[in-house]
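This report considers selected local features of one protein model. Please consult the sequence and the structure below before reading on.

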Amino acid sequence: MSYRNFSKYVLRAPLFSFSFFKELTEGEELKEEKLKEVCKDEIIKEAIFLASPSLYQEFEKWLEGNLKEKAASERMMYSVLKYLSRMSSRCTPFGLFAGTSVGTFSETENIELSDKSENNRHTRLDMNFLVALSQDIVKDQSIKSQLLFYPNTSIYKAGKQLRYVEYSYIKSRRVHHIVAVEDSEYLQKILKQARKGALLSDLASSLVDDEITIEEASGFIDQLVDGQLLISELEPSVSGPEFLEQIMPVLKKLSGTEHIVSELENVQTTLHRIDQGLGNVAKEYTDLSESLKKLGTDFELKFMFQTDMSLSVEANTLNYDTVKKIRKGLSLLNKLTLPPKETFISRFRTAFYERYESREVSLSNALDVELGIGFLQDKDSGDVSQIIDDIVLPYKPSKVSVRDVKWSSIDAILQKKLVKSMKDDQHVIEIADEDFKGLEENWEDLPDTISSMIELVRIDGKEKIKMSNCGGSSAANLLGRFCHGDQDLDAYTKEIIDVEAKLNPDKILAEIVHLPESRVGNILMRPNFRRHEIPYLAKSIIEDENQLLLDDLMISATPNGKVKLRSKKFDKEVIPHLTNAHNYSNNALPIYQFLANMQTQNLRGGIGFDWGPFADEYEFLPRVEYRDIILSSASWNISSTDIKPLLDTLKDEEKFLAELKKLIDAKKLPQFVLLADGDNELLVNTGNVTSMKMLLNTVKKRGRFKLKEFLHTEDSVVTSKSKAFTNQIVVSFYNEKKLKNMQN
């Protein structure tokens with residue numbers, strides 16, 4: 001195996017223990033009084049407020065007994081129970097529900113969490129609000145006249161025109177449009193002068209001559225600002241210090257902004273005080289939001305405060321044997337994962353070569369959806385300015401569902417195992433190396449650094465590792481957005497990125513700096529990680545010489561090779577990187593989609609276990625184990641027909657209990673299961689009526705849903721004061737073989 005693990009890893013764990021949830025739901029029914037008593041905990045109250053301030057108002061009424069309608073009270077119980085389930089089982093960082101801690105490998109395994117009250121936290125204002133605030137500030141003419149303005153980072157030349165992307169807001173959502181303007185010597189002069197930032201008055205003065213008055217010149221410059229050809233220094237960036245820290249120095253140097261600066265400094269002070277501990281009262285936040293109304297920018301309280309939590313630990317070490325087991329699992333997953341026959345980039349490469357052959361073309365012209373070939377060939381690409389955007393054609397679904405199924409020899413092996421398990425009524429399938437002895441490992445087509453998300457569980461006293469995949473365009477992707485509030489995590493992430501730079505000494509690894517939607521900035525915001533950046537509809541704050549603008553980037557391709565992205569300025573190949581977990585495939589602009597997809601060109605984006613064509617076809621899929629590794633949890637595909645008897649008897653407790661027992665016995669459901677919604681998993685206690693009614697309330701309108709076995713027990717690897725915690729551990733690897741070759 002060519003890959004070696006980094007010396008650190010990242011532990012992710014929820015705020016509360018699994019033991020807490022088990023005790024909460026230990027009886028046949030969870031009484032409302034018991035749930036209310038638990039929810040008097042100030043930490044729980046703050047966690048719920050940060051997750052949903054709009055729900056919190058009703059939550060407070062419920063706690064105080066002021067929800068008179070029984071149905072409303074029941075709905076609140078289910079909502080609260082969902083939150084408590086989430087914050088005692090799911091490890092994905094979100095508000096105060098779960099957090100992270102950097103650990104190290106050693107000879108001993110010891111993960112002991114400190115008391116939750118000692119956890120550290122980092123709270124910031126919503127990016128959507130800050131972007132809206134900065135836009136409102138620029139509308140003030142006295143402030144606008146003091147700001148530096150720069151060219152829009154999406155501008156490119158197309159014949160006798162300049163084309164660029166502008167945005168507008170429709171119902172608070174950012175909508176992009178491609179705009180074309182006639183090129184001229186005046187426009188070129190202004191854009192060149194504004195490259196390093198310029199005052200609007202200076203730009204206007206530069207146009208004044210015998211034929212152009214200052215009034216005419218100023219009017220022309222105002223048109224460029226209104227049309228977004230020029231953007232101010234308050235334009236957001238998603239790379240570098242957090243946005244509030246970026247705009248404060250700008251505002252402090254201006255006159256007439258004292259009231260804004262004072263209010264934002266009050267925000268920083270208040271948030272710093274709030275971050276000193278857990279269990280702050282909601283009034284702290286509502287008072288702060290009331291104060292922010294003085295700035296005159298609208299906001300939604302439910303999005304206003306973004307919090308990340310880092311876990312305080314007594315010890316956080318994993319032993320080296322765990323890494324050996326993971327590496328063994330990766331070897332098998334490598335064999336089980338076939339490379340894709342076609343990707344978005346390979347389709348683009350074919351289309352590019354058909355159009356341009358071996359010519360080198362500017363990135364912006366090639367990706368122009370009208371003049372070039374765009375991106376996402378033969379697919380609805382979420383094109384900007386579609387002609388038939390508002391035409392809705394009637395759709396009549398077929399009564400017979402048809403889907404394409406990819407079938408490989410691996411699927412044939414798994415099918416035989418599956419059929420045998422059904423015949424023998426087995427809950428677990430075991431696979432071995434000899435089952436796949438004809439398959440080879442390939443470590444040459446994976447990214448330079450990769451991450452595996454594992455869970456450590458103990459089943460019948462034996463420690464096992466649950467892992468189903470490993471990949472990502474960079475091992476830093478899962479970590480980037482949490483680095484502002486955790487110095488240890490920031491240092492570890494930069495260690496990963498430094499290794500990537502060493503693995504590509506002759507190439508430029510450039511960070512994509514793009515803000516597709518203001519609120520998405522909460523996910524995209526990360527520190528400066530790389531020496532070079534590609535700003536696109538967002539600002540880069542690194543040195544000008546290390547910014548790769550659109551007009552510097554060129555594309556070429558060979559018919560069966562790869563698409564090459566080159567910087568004219570440095571005459572080097574550019575490898576774009578997006579060091580966060582943003583889902584860039586969702587209705588993104590073509591250039592952003594292209595740059596993000598280039599991260600894994602000619603590479604498998606990951607390796608993993610997948611039931612493939614069987615995933616949704618069987619009512620039950622058994623657990624899959626390989627040595628001490630669980631590749632897939634047992635799962636149940638439940639239909640609306642299965643739960644109809646339960647829904648029909650909800651008001652008759654005796655009949656409901658009878659139907660519930662029938663379902664559990666028929667499906668052989670364990671006491672604890674997870675409702676799986678993609679990455680979201682909700683813990684349910686099948687032995688508790690309230691918990692099951694919460695589940696039914698969630699899925700009652702669905703045609704089908706998936707349940708998975710919950711593998712964690714009270715015999716846990718991760719503990720705090722003898723309480724058992726669920727866990728996820730991000731173990732990252734780098735291509736050691738490639739690095740040694742570079743050093744030799």
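## A buried strand residue

A residue counts as buried when its relative accessible area is under 20%. The model discussed here is predicted. With a relative accessibility of 16%, Gln728 therefore counts as buried. Gln728 belongs to strand E33, which covers residues 728-735.

Apart from its neighbours within four places in sequence, Gln728 makes contact with Val10, Leu11 and Arg12, with Cys91 and Thr92, and with Met453, Ile454 and Glu455.

## Packing of helices H3 and H13

Two packed helices are described by the angle between their axes and the distance between the axes. For helix H3 (residues 42-51) and helix H13 (residues 282-292), the axes come within 9 Å and cross at roughly 35 degrees.

On the H3 side, the contact involves Glu46, Phe49 and Leu50, while H13 contributes Ala282, Tyr285 and Thr286. By class, four nonpolar residues, one polar residue and one charged residue take part in the contact of H3 with H13.

Six strands form an open sheet with mixed pairing, in the order E13-E20-E21-E22-E18-E19.

Ile555 has Leu565 in E21 as its bridge partner. Helix H20 (residues 590-597) lies across strand E18 (508-514), E19, E20, E21 and strand E22 (572-577), and runs at about 145 degrees to E18.

Rolling a probe the size of a water molecule over the atoms shows where empty space is left. The structure contains five cavities of 30 Å³ or more. The largest cavity has a volume of about 110 Å³. Its lining comprises 14 residues, and those nearest the centre of the cavity are Tyr156, Val165, Ile178, Tyr536 and Ile591. Strand E7 (161-170) and H20 each provide at least two residues of this lining. By class, the lining of the largest cavity consists of 12 nonpolar residues, one polar residue and one charged residue.

The second largest cavity holds about 60 Å³ of space. Its lining is made up of Thr100, His122, Asp308, Met309, Ser310, Phe482, Gly485 and Asp486. Strand E11 (residues 305-310) supplies the largest share of that lining, with three residues. The lining of the second largest cavity divides into two nonpolar, four polar and two charged residues.

## Positive phi values in two loops

Which loop holds Arg627? Arg627 is placed in the loop between strand E25 (623-626) and strand E26 (629-632). The phi angle of Arg627 is near 55 degrees, a positive value in a residue other than glycine.

Lys668 is found in the loop that links helix H22 (653-667) to strand E28 (672-677). For Lys668, phi is near 55 degrees, again a positive value in a residue other than glycine. Is Lys668 buried or exposed? The threshold for exposed is a relative accessible area over 50%. The relative accessibility of Lys668 is 52%, so Lys668 counts as exposed.

Notes
Residues are numbered from 1 along each chain as its sequence is written. This is a predicted model: local features need pLDDT of at least 70, side-chain atom pairs count only at pLDDT 80 or more; totals for chains, interfaces and linings use all residues. Side-chain values use heavy atoms; hydrogens and water are left out. Axes are lines fitted to C-alpha atoms, for helices over the stretch in contact, and angles run from 0 to 180 degrees between N-to-C directions. Helices (H or I, at least four residues) and strands (E, at least two) are DSSP runs, numbered from the N terminus. Contact means heavy atoms within 4.5 Å. Ala, Val, Leu, Ile, Met, Phe, Trp, Tyr, Cys and Pro count as nonpolar, Asp, Glu, Lys and Arg as charged, and the others, Gly among them, as polar. Two strands pair if DSSP finds at least two bridges between them. Buried means under 20% relative accessible area, exposed over 50%, partly exposed in between (1.4 Å probe, protein chains only). On a 1 Å grid over the protein atoms alone, a cavity is a set of points where a 1.4 Å probe fits but cannot get out, and a pocket is an open set with protein on both sides within 12 Å along at least five of seven lines; lining residues have an atom within 4 Å of a point. Grid points are joined across faces, edges and corners, and a volume is the space filled by probe spheres set on the points.
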